[in-house]
Amino acid sequence: MTEWNGSPSVTSSSSFGSSVPDTEDDQTIASILAEDENSEHGRVLGKRLSHLNSIPHTPRVIGQIPDPNDALLDHDRLSERLATYGLAELQIEGDGNCQFRALADQLFRNPEYHKHIRKAVIKQLKHYKHFYESYVPEKYRRYLRRMKKSGEWGDHLTLQAAADRFGAKICLITSFRENGYVEINPRDKRPTREVWLSFWSEVHYNSLYSTGDVPSKTPRKRHWLLWGSRS
């Protein structure tokens, strides 16, 4: 199931506050990530696929949505690439949150924590505006207000912000005809974990595992994150 149903929305009636306060929820997430319990998966894939050559990454917002026929060809190319690398996708729900769901699966082993990822990314984009604003071709506050909404598609700028926020190297296997592998590294620190995603260009993100290692059971939800989400 893909998110692709035309083009993502570009306006929002909601307001973006003057600040995004830190919450106990954010502190809990930070402590979970500090445990580094989920980083081994990414390191194993990174070691096995260390021969892949990455292109330099430039953060960008969503580009042109591909023609349906081109999109199908892109998907076939991505599937062949994943098979060549011995990778398989955990299929992520196509509800507009797929990038954040895929990141949540890689970091928390649970796509349902996508709202926590989005919140952290928005906070990163807001607090470090001077790093990111030049990549946004619209008013920055409008971009933040739009991206704050659940269901708004993530882009390569939100991936950069996620890499910066979580200290993660984000590894993308893409459907691009050329440059099928892209690495997104934190701007000012060495990455402490690796995140592996597939990217069907401008259509959908999935979470990647070695073939045969894709989780088959519904992950157990962590009660402390659920508790925090009620606030």
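Ile170 has Ile184 of strand 3 opposite it. The model is predicted: local features need pLDDT of at least 70, side-chain atom pairs count only at pLDDT 80 or more, and totals for chains, interfaces and linings use all residues. Residue numbers start from 1 along each chain as its sequence is written, and side-chain values use heavy atoms, with hydrogens and water left out.

Task: Determine in which sense strand 2 pairs with strand 3, and over how many bridges.

Solution: Begin with the elements. Helices (H or I, at least four residues) and strands (E, at least two) are DSSP runs, numbered from the N terminus. Two strands pair if DSSP finds at least two bridges between them. Strand 3 covers residues 181-184, and its pairing with strand 2 is antiparallel, with four bridges. Six residues lie between the two strands of this hairpin, where Asn179 has a positive phi near 55°.

Task: Find how strand 2 runs relative to strand 4, and name the strand 4 partners of Ile173 and Thr174.

Solution: Strand 2 and strand 4 run parallel and are joined by seven bridges. Ile173 has Ser198 as its bridge partner, and Thr174 has Phe199.

**Burial of strand 2 and helix 4**

Task: How many residues of strand 2 and of helix 4 are buried?

Solution: Apply the cut-offs: buried is under 20% relative accessible area, exposed over 50%, and partly exposed in between (1.4 Å probe, protein chains only). In strand 2 (residues 168-174), seven of the seven residues are buried, so the strand is largely enclosed by the rest of the structure. Ala168, Ile170, Leu172 and Thr174 point one way, while Lys169, Cys171 and Ile173 point the other way.

Next, helix 4. Eleven of its eleven residues are buried, so helix 4 is also largely enclosed by the rest of the structure. Arg109, just after the helix, has a positive phi of about 60°.

**Surroundings of Ser198**

Task: Is Ser198 buried or exposed, and which side chain makes a polar contact with that of Ser198?

Solution: Ser198 belongs to strand 4 (residues 193-200). Its relative accessibility is 1%, so Ser198 counts as buried. A polar contact is a pair of N or O atoms within 3.5 Å; within protein, one must be able to donate a hydrogen and the other to accept it, and residues adjacent in sequence count only if both atoms are side-chain atoms. The side chains of Ser198 and Glu89 form such a contact at 2.5 Å. Contact in general means heavy atoms within 4.5 Å. Beyond neighbours within four places in sequence, Ser198 touches several residues, among them Leu78, Leu82, Ile173 and Tyr205.

**Packing of helix 8**

Task: Describe how helix 5 and helix 8 cross, and classify the residues of their contact.

Solution: Axes are lines fitted to C-alpha atoms, for helices over the stretch in contact, and angles run from 0 to 180 degrees between N-to-C directions. The axes of helix 5 (residues 114-127) and helix 8 (residues 156-166) come within 9 Å and cross at roughly 90°. Angles under 35 degrees count as roughly parallel, over 145 as roughly antiparallel, 65 to 115 as roughly perpendicular and the rest as oblique; the two helices are therefore roughly perpendicular. Contributors to the contact include Ile117, Val121 and Leu125 of helix 5 and Leu157, Ala161 and Phe166 of helix 8. The contact residues comprise eight nonpolar, two polar and three charged. Here Ala, Val, Leu, Ile, Met, Phe, Trp, Tyr, Cys and Pro count as nonpolar, Asp, Glu, Lys and Arg as charged, and the others, Gly among them, as polar.
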